[in-house]
Amino acid sequence: MKNLIGLSKEELVDELALLGEKSFRAKQLWQWIYFRGETDFDKMSNLSKDLRAKLKENYTLNRPKIVAEQISNDKTHKWLLEFDDGERIETVYIPEEDRGAVCISTQVGCAVGCKFCHTGSQKITRNLTAGEIVAQFMVARDAYGEWPSPTSETRYLSNIVVMGMGEPLLNKDNTFKALRILSDGDGIAISKRRITLSTSGIAPNIESVAADLGVKLAISLHAPNNEKRSQIMPINQRYPIEEVLKACQKYQYIMGMSRMITFEYLMLKNFNDTPDDAKELIALMKKYNIGAKFNLIPFNPWPSCGFEPSSNNKVHNFSKILEAAGYEAPIRVARGQDILAACGQLKSKKQTA
Ligand code: SAH
Ligand code: SF4
């Protein structure tokens, strides 16, 4: 049986045409799936009995299996999900006072292998399909009962960050397809301004985040020069800082300079946290004239990682230097640390290394 979650609108029309149905039926079905979150074809009351029976015979709307679920002291919610082939990933919901972000994964493991990242220590197994990416958000919505899609501005699940396991721009087609479904106004309807895609810097695919999708961009920079960045992010040898920043210029040319790019900067003790590092970072942004803001990330340790977080003092000082140069540089509050749900801590439990 084929799962309908993850088909584009056009594909759903084609699928229903196979059953001899007109395209407006596909639109009705789309709304049941993505606006109402319905999983039972029998409850789709405006579809004919005959069509409902045919759908039931041939298709499912199953979510991935929830293998484990944890809620941290600060209400961060983590799911370990298993797909039909037994592969597992994690999805996290990070609530804030009047909104919340779902952090979704795009691959099982990650091939980029950043030295500080728990996911990166797990070799890549496979890309997730568009359906598997979309379904992560649907699992979170199921849990908070937020169906039908709220039309008001206040929602539990208001934002999406593509910052879970995997490198989204190495699974670009499926990730983009999933984000188009998630932002579609007839369904889940998360505005593209509330979706942020984070990348380790796959330079050739960055422009297309603006040209073909139009969501917000975050770059995992983590170091002010190539020498340091290559030490912690091997991908930098393939796509050095200059190439990444040139691609960022193209993104901003398409999106408009007012669409700031967020540069994520992990604060690692005795590695990249001195005032000189901050000054070098500022010079870099000035050189490429990028509308940038920073997000300073306290390092979240994981078993046998070999790095330590910078002291609070150093992080605050770093932030002040960037702010004095006119850049926003908030310090990210680590969420869900007690359940290993924070940035860089996600890992599927099947392979324990
Ligand atoms: N692969 C993409 C998206 C997922 S990682 C990327 O690298 O951007 C999301 C963010 O968490 C990245 O900025 C990543 O560098 C950061 N991160 C990884 N390991 C971390 C750790 N141990 N502590 C804090 N942040 C970490
Ligand atoms: Fe992959 Fe991102 Fe982790 Fe690097 S930080 S290993 S790119 S998930």
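The crossing of helices α9 and α10 is right-handed, a crossing being right-handed if the near helix is turned clockwise from the far one by less than a right angle, and left-handed if anticlockwise. Helix α9 spans residues 241-255 and helix α10 residues 275-288, and the two pack at an angle of about 50° with their axes 10 Å apart. This angle makes α9 oblique to α10, because angles under 35 degrees count as roughly parallel, over 145 as roughly antiparallel, 65 to 115 as roughly perpendicular and the rest as oblique. Axes are lines fitted to C-alpha atoms, for helices over the stretch in contact, and angles run from 0 to 180 degrees between N-to-C directions. Helices (H or I, at least four residues) and strands (E, at least two) are DSSP runs numbered from the N terminus.

The model is predicted, with pLDDT of at least 70 required for local features and 80 or more for side-chain atom pairs, whereas totals for chains, interfaces and linings use all residues. Residues are numbered from 1 along each chain as its sequence is written, chains are lettered from A and ligands numbered from 1 in the order in which they are written, and side-chain values use heavy atoms, with hydrogens and water left out.

Ligand 1 is surrounded by 20 residues, the closest being Gly166, Ser198, Ser220, His222 and Asn300; a residue counts if one of its heavy atoms lies within 4 Å. By class, this shell holds nine nonpolar, nine polar and two charged residues, where Ala, Val, Leu, Ile, Met, Phe, Trp, Tyr, Cys and Pro count as nonpolar, Asp, Glu, Lys and Arg as charged, and the others, Gly among them, as polar. Polar contacts (pairs of N or O atoms within 3.5 Å) include one of 2.6 Å between an oxygen atom of ligand 1 and an N or O atom in the side chain of Ser220. An oxygen atom of ligand 1 is also 3.2 Å from a side-chain N or O atom of Glu264, and a nitrogen atom of ligand 1 lies 2.9 Å from a backbone N or O atom of Asn300. Taken alone, ligand 1 exposes 530 Å², of which the protein buries 96% (Shrake-Rupley method, 1.4 Å probe). Strands β10 (195-199), β12 (261-267) and β13 (292-298) each give two or more residues to the shell around ligand 1.

The surroundings of ligand 2 include Cys110, Cys114, Cys117 and Glu167. Its shell has five nonpolar, four polar and one charged residues.

Trp147 and Pro148 are joined by a cis peptide bond, with omega about -5°. Pro148 is placed in the loop between α4 (130-144) and β9 (159-162).

Note on methods:
Polar contact = N/O pair within 3.5 Å; in protein donor to acceptor, adjacent residues only side chain to side chain.
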